[in-house]
Amino acid sequence: METVRFIMIGVGGMGREHIRRLLQIPEAEIVGLADPSAAAVEETKKRFPGLADVPVYADYQEAIERANANAAVIVSPHSMHFDQGMACLNGGLHVLMEKPFVAGSKNAERIIEHAETVNKHLAVAYQRHLAGPYIYIRNLIQSGELGKINYICAYQAQSWLMGTTGTWRQNPALSCGGQLNDSGSHLLDIVLWATALEPESVSAFIHNRGSQVDIDSAVTVRFREGAIATFNIVGSASISWCEDVSFHGEKGTVLYRNNRILVAKEGQREAVEVPANELPASSDPNRDFVDLLLGKVTEAAAPASCGLNIARLTEAAWESAANGSQIVRI
């Protein structure tokens, strides 16, 4: 395979971001746009004139059958991911899927097993796995320089409630959950990925703030290795975005502060900022997926197992909150 031929399933806002990235990759080609919204397709072709002659399909099944693709990017409402992903795998396509993967851990287990059966790659677009600051943090933790990780405090604030009002993201039949399942899944994922810790039990308070889905979540996780983590996910914030994650180990601390990294190693009482030029280079899930299919890397930066781990953790948090914040074992 010299060129990866993609169909795009979903060409709305985030779909266009995937398109923008793919168009920057010489070894990638977009050979089909699948979306039932004529308006979304029209806007996409307006923004990307180079796609003017790319075939359009209102039905993703038709795109799978007719586009002569070997890979798909799925960027549709969350409840559709499982069926679309299974159809793509059955059609012989490798699949890159937007977070939060598929609806529920059982579906996640099923589609992962099926991808292995048909020998196709299945990955999740968790872009923080390819962001220089978070790669630095993971490498630092995995090197052992911070010692055993004892405590993690993860915080994310976004005007998610206001920004998604009237959209499918607040319709549980389409979104399968709210802020915790959407932007918040990135926060859960990055902690599990950076530390390689295994969740043991969860307790959560969740408030919907008048929505049909979760908006504000306070989640506490105990890991089998003995560490504790708190996840503070605020969807009712007035600010557009803030993300802070603190990792405290027996020998040191690393702090993520909106793309800045500060480190205090053993014997240091104050955290010192890491210069930007010392951080690893960043990439993106589309470049990584193309490299995977071309054999340049052996595993996706965020394999489907990451999506399964977050589905299990999210389900446990919802169960805990629904039952008076009781402790739920995973």
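Is Ala34 buried or exposed? Ala34 is buried, because its relative accessibility is 4% (buried means under 20% relative accessible area, exposed over 50% and partly exposed in between, with a 1.4 Å probe and protein chains only). The structure is a predicted model, in which local features need pLDDT of at least 70 and side-chain atom pairs count only at pLDDT 80 or more, while totals for chains, interfaces and linings use all residues. Residues are numbered from 1 along each chain as its sequence is written, and side-chain values use heavy atoms, with hydrogens and water left out.

Ala34 belongs to strand E2; here helices (H or I, at least four residues) and strands (E, at least two) are DSSP runs numbered from the N terminus. Beyond its neighbours within four places in sequence, Ala34 is in contact with Met8, Ile9, Gly10, Tyr57, Tyr60 and Ala63, where contact means heavy atoms within 4.5 Å. Ala67 is 33 residues from Ala34 in sequence, and their C-alpha atoms are 10.0 Å apart in space.

Strand E2 is part of an open sheet of six strands, which has the order E3-E2-E1-E4-E5-E6 and parallel pairing (two strands pair if DSSP finds at least two bridges between them). At its edges are strand E3 (56-57) and strand E6 (122-124), each of which pairs on one side only. Three bridges join strand E5 (residues 94-97) to E6 in the parallel sense, and Met97 stands opposite Val124 in E6. Packed on this sheet is helix H10 (residues 285-293), which touches strand E1 (4-9), strand E2 (28-34), strand E4 (71-74), E5 and E6. The direction of H10 makes about 165 degrees with that of E5; axes are lines fitted to C-alpha atoms, for helices over the stretch in contact, and angles run from 0 to 180 degrees between N-to-C directions.

Nine of its nine residues are buried, among them Arg287, Asp288 and Asp291. The cover over the buried residues of H10 includes helix H1 (13-22) as well as E1, E2, E4, E5 and E6. At the start of H10, a side-chain oxygen of Asp284 comes to within 2.9 Å of the backbone nitrogen of Asn286. Just after the helix, Gly295 has a positive phi of about 80 degrees.

A further open sheet has nine strands in the order E14-E13-E12-E11-E7-E10-E9-E8-E15, with mixed pairing. Strand E14 (272-273) and strand E15 (328-329) are its edge strands, each pairing on one side only. Five bridges link strand E12 (residues 253-257) and strand E13 (residues 260-264) in the antiparallel sense, and Ile261 in E13 is the bridge partner of Tyr256. Helix H9 (residues 183-195) lies across strands E7 (149-157), E8 (199-207), E9 (216-223), E10 (228-234) and E11 (242-249), at about 160 degrees to E7. Helix H11 (residues 304-322) also packs on the sheet, touching E8, E9 and E15, and its direction makes about 55 degrees with that of E8.

Finally, the cysteines. A search of the whole structure finds zero disulfides, a disulfide being a pair of cysteine sulfur atoms within 2.5 Å. Cys153 is in no disulfide, and the nearest cysteine sulfur, that of Cys242, is 11 Å away. Cys153 has a relative accessible area of 30%, so this residue counts as partly exposed. For Cys176, the closest cysteine sulfur is in Cys88, and the 17 Å between the two sulfurs is too far for a bond. Cys176 is likewise partly exposed, at 24% relative accessibility.

How values were computed
Polar contact = N/O pair within 3.5 Å; in protein donor to acceptor, adjacent residues only side chain to side chain.
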